[in-house]
Amino acid sequence: MGRRQATRRQFLLEVDGPNVSPETVDASRLLELAAATFALLHANARGAGLAISLRGIEVHDKCVAIASNIERTGVIRDIAKKVAAQIDGTEDAPPGLQTQVERARAARRALDGELRASLHVGTWKRELGLEHESPPTQPLDSILSIRAVPIRAGGVQPVVRFRSSLEDEFTLRVTREQARAIGGLLYQQVDLEARVARGPEGAIVDGKLEHFDRVEAGDAEAAWRDWYYSVGGREWDQHPRD
């Protein structure tokens with residue numbers, strides 16, 4: 001087909017780059033990216049309780065692009081914005097869509113390094129980059145045992161933010177069950193054990209919670225005295241323990 005622009009009533013996935021055309025593009029990678037992206041568009045629409053229609057298919061010789069006809073341009077554009085943000089990592093995957101989002105990200109990664117991908121709805125355009133995607137996790141090679149205070153819990157991929165006098169604030173990955181349990185203990189002390197990774201300056205940059213226990217409320221003075229003697233305080237003074 002001749003070189004074309006998307007019409008105002010089309011949803012279009014374009015792949016651009018050096019010497020790219022319908023005759024040279026890797027068909028399997030392009031079709032996988034298109035299938036994953038179109039499926040993610042539909043999944044987001046269903047999650048929002050919206051009915052959308054993508055009918056027909058065209059291959060545009062505009063570098064190379066796959067287009068489908070749409071009816072509700074404004075609705076499709078708003079959903080396409082979410083899809084692009086989910087793929088590039090600027091927006092978390094909604095509950096239940098993690099698998100679809102990761103499929104689209106994997107398809108985007110599979111494109112040759114010099115190729116660019118973008119979504120179009122009428123005159124709106126958004127490039128599908130991966131620059132905001134979370135970097136690969138580092139090895140969790142240290143054990144952390146500490147008393148800390150959870151200050152925030154939740155997320156699509158659950159995490160808990162902790163505050164401790166012995167560390168900077170840090171975030172640990174948790175299970176959904178742990179997130180629910182700790183959600184009821186916000187701003188209360190817990191004793192926790194975790195596997196963590198530290199950055200070059202020693203700060204915790206990643207971690208996974210292994211176990212935690214609530215610190216029961218009690219006599220603060222007695223608790224301090226017990227700690228004092230447990231670390232050798234009896235040798236520091238001549239006062240017998242009560």
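Predicted model: local features only at pLDDT ≥ 70, side-chain atom pairs only at ≥ 80, totals over all residues.
The chain holds five helices and ten strands, and 41% of its 242 residues count as buried.

**The chain as a whole**
- Among the contacts that join residues at least 6 apart in sequence, 63% are between residues at least 24 apart.
- The accessible surface of the chain comes to about 14,300 Å², and carbon and sulfur atoms account for 49% of that surface.

**Strand E4 and its partners**
- Strand E4 covers residues 116-121, and because five of its six residues are buried, the strand is largely enclosed by the rest of the structure.
- With strand E1 (residues 10-16), E4 pairs in the antiparallel sense over six bridges, and within this pairing Val15 has Ala117 of E4 as its bridge partner.
- E4 also pairs with strand E5 (residues 124-127), again in the antiparallel sense, and here there are four bridges.
- E4 and E5 form a hairpin with two residues between them, and Gly122, which lies in the turn, has a positive phi of about 60 degrees.

**Ser68, a buried polar residue**
- Ser68 belongs to strand E3 (residues 64-69), and its relative accessible area is 2%, which means that it counts as buried, since the cut-off for that class is under 20%.
- A polar atom of the Ser68 side chain lies 3.2 Å from the backbone nitrogen of Arg55, while the backbone oxygen of Gly56 lies 2.8 Å from a polar atom of that side chain.
- When its neighbours within four places in sequence are left aside, Ser68 is in contact with Arg9, Gln10, Phe11, Phe38, Leu54, Arg55 and Gly56.

- In soluble globular proteins, nonpolar side chains tend to be buried together.
- The largest nonpolar core of this chain has 36 residues, and those with the most contacts inside it are Phe11, Val15, Leu41 and Leu119.
- At least two residues of this core are supplied by each of E1, helix H1 (27-47), E3, helix H2 (73-88), helix H3 (98-109) and E4, with H1 giving the largest share, eight residues.
- Apart from this core lies another one, of 18 residues, which includes Leu144, Phe170, Ala179 and Ile182.
- Leaving aside neighbours within four places in sequence, the residues in contact with Leu119 include Phe11, Leu12 and Leu13, as well as Ala80, Val83, Ala84 and Trp124.

**Two loop residues with positive phi**
- Most residues other than glycine have a negative phi.
- Asn19 is not a glycine, yet its phi is positive, near 60 degrees; this residue is found in the loop between E1 and H1.

Methods. Residues numbered from 1 in each chain as written. Heavy atoms only, no water. Buried < 20%, exposed > 50% of the residue type's maximum accessible area, 1.4 Å probe, protein only. Contact = heavy atoms within 4.5 Å. Areas by Shrake-Rupley, 256 points an atom, 1.4 Å probe, with all protein chains shown as cover. Pairing = 2+ DSSP bridges. Polar contact = N/O pair within 3.5 Å; in protein donor to acceptor, adjacent residues only side chain to side chain. Core = buried A, V, L, I, M, F, W, Y, C linked by side-chain atoms within 4.5 Å.
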